[in-house]
Amino acid sequence: MPGGVSSPVRAFKSVGGQPIVFDHVKGAYAWDVDGNRYIDYIGTWGPAICGHAHPDVLKALHEALEKGTSFGAPSSLENVLAEMVIDAVPSIEMVRFVNSGTEACMSVLRLMRAFTGREKIIKFEGCYHGHADMFLVKAGSGVATLGLPDSPGVPKSTTDNTLTAPFNDLEAVKALFEANPDAIAGVILEPIVGNAGFIPPDAGFLPGLQELTREYGALLVFDEVMTGFRIAYGGAQEKFGITPDLTTLGKIIGGGLPVGAYGGRRDIMAMVAPAGPMYQAGTLSGNPLAMTAGIKTLELLRQPGTYEQLDRITKRLATGLLQIAKETGHASCGGQISGMFGFFFTAGPVHNYEDAKLSDLSKFSRFHRGMLEHGVYLAPSQFEAGFTSLAHTDEDIDHTLEAARTVLSSL
């Protein structure tokens with residue numbers, strides 16, 4: 001396997017040393033092949049919001065396994081999960097299931113162009129929308145981890161139609177629209193950046209994007225693969241009161257199994273085959289196991305007090321880390337929203353990817369290694385958000401903060 005891994009950030013290139021090889025996970029914890037236990041703040045990069053291997057999810061999956069692993073035909077489970085997604089996410093009137101966040105973003109890009117008849121798109125520096133060619137321009141953590149500005153093998157002709165702007169810079173977006181008034185199909189962004197570290201939107205940024213896209217006849221697309229069902233049950237768009245034209249989802253809606261989805265306004269989604277002329281297909285799309293895990297996970301998230309608990313536990317962690325960094329003499333900044341958090345080794349504030357790159361990466365590498373030695377597993381890159389789950393306890397937070405104090409005092 002290239003680099004010994006199936007996805008680049010797992011190789012620890014950004015933090016040094018050898019990657020941890022997992023054996024099994026449960027609740028808030030992961031065990032490596034040597035039997036060491038870690039408090040896990042990656043949660044399989046977001047999906048494990050209820051905790052790893054939740055018994056209700058496992059039970060539902062065991063029952064689904066008896067019926068088969070793949071149908072290659074319609075399943076009633078697709079309808080159940082589709083209705084749950086449509087009920088939850090303000091922008092989605094119709095939804096199509098796929099197999100990954102990359103596939104969802106690649107498909108929504110084609111749909112943006114098909115619906116508008118335009119070819120250019122705007123994305124933001126540091127926002128990652130999967131590894132399709134059009135999106136590998138200033139693409140954040142996946143590329144930053146390897147120190148590459150872009151990926152070789154991506155033709156210049158492919159990215160000529162990708163325009164970029166700094167996150168939280170409305171004037172830069174306005175200038176791009178003014179320079180290309182009839183050519184931009186839409187704007188796609190992570191409403192809360194998670195692939196350049198945790199960066200929330202400034203007040204007025206998301207409403208401003210909505211106004212600009214409407215003014216110029218373009219589409220507004222929220223990539224909620226990471227934030228969907230994590231920031232709130234209806235995602236970041238519910239949290240911030242913005243209804244985009246299209247949305248991509250993944251991670252949580254598959255309960256830890258491979259999944260993706262894109263959806264939005266009915267008139268736009270009616271372009272997708274077989275309802276319309278824009279082709280997109282997938283052998284494993286709507287896989288019954290992924291649908292089952294997603295349904296059960298969303299059922300668990302609908303229980304009262306879920307997001308209040310996530311917010312409480314994550315706030316304790318994020319504020320505690322920043323306070324300890326201050327007390328031990330380290331410049332830092334960061335924050336959290338619901339079950340998503342992050343911090344940077346820079347005084348900040350961090351409004352975009354360029355700000356994030358001012359972080360002390362060497363210090364983060366040493367901090368990451370120290371936390372591993374104290375049984376805390378953080379994302380192996382300064383440019384990744386962290387995730388908590390309903391399985392994390394106050395004792396887990398206490399242990400994490402004690403470890404952080406020990407490690408930061410030694411750096």
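Tutor: Let's start with Val-98, which is found in strand β4 (residues 94–98); helices (H or I, at least four residues) and strands (E, at least two) are DSSP runs, numbered from the N terminus. Bear in mind that this is a predicted model, where local features need pLDDT of at least 70 and side-chain atom pairs count only at pLDDT 80 or more, while totals for chains, interfaces and linings use all residues. Residues are numbered from 1 along each chain as its sequence is written, and side-chain values use heavy atoms, with hydrogens and water left out.

Val-98 has a relative accessible area of 1%, so it is buried (buried is under 20%, exposed over 50%, partly exposed in between, with a 1.4 Å probe and protein chains only). Setting aside neighbours within four places in sequence, Val-98 is in contact (heavy atoms within 4.5 Å) with Glu-103, Ala-104, Val-259, Gly-260, Ala-261, Tyr-262, Gln-280 and Ser-285.

Lys-251 sits in the loop between β9 (246–250) and β10 (260–264). With a relative accessible area of 22%, Lys-251 is partly exposed. An unreviewed UniProt entry places "modified residue: N6-(pyridoxal phosphate)lysine" at Lys-251; such positions are given in the numbering used here, feature names are shortened, and annotations may be inferred rather than shown by experiment.

Now for some helix packing. The axes of α13 (residues 361–373) and α14 (residues 394–410) come within 9 Å and cross at roughly 130 degrees; axes are lines fitted to C-alpha atoms, for helices over the stretch in contact, and angles run from 0 to 180 degrees between N-to-C directions. That makes α13 oblique to α14 (under 35 degrees is roughly parallel, over 145 roughly antiparallel, 65 to 115 roughly perpendicular, and the rest oblique). On the α13 side the contact is made by Arg-366, Phe-367, Gly-370 and Met-371, and on the α14 side by Thr-400, Ala-403, Ala-404, Val-407 and Leu-408.

Helix α14 also packs with α11 (residues 306–327): their axes come within 10 Å and cross at roughly 15 degrees. That makes α11 roughly parallel to α14.
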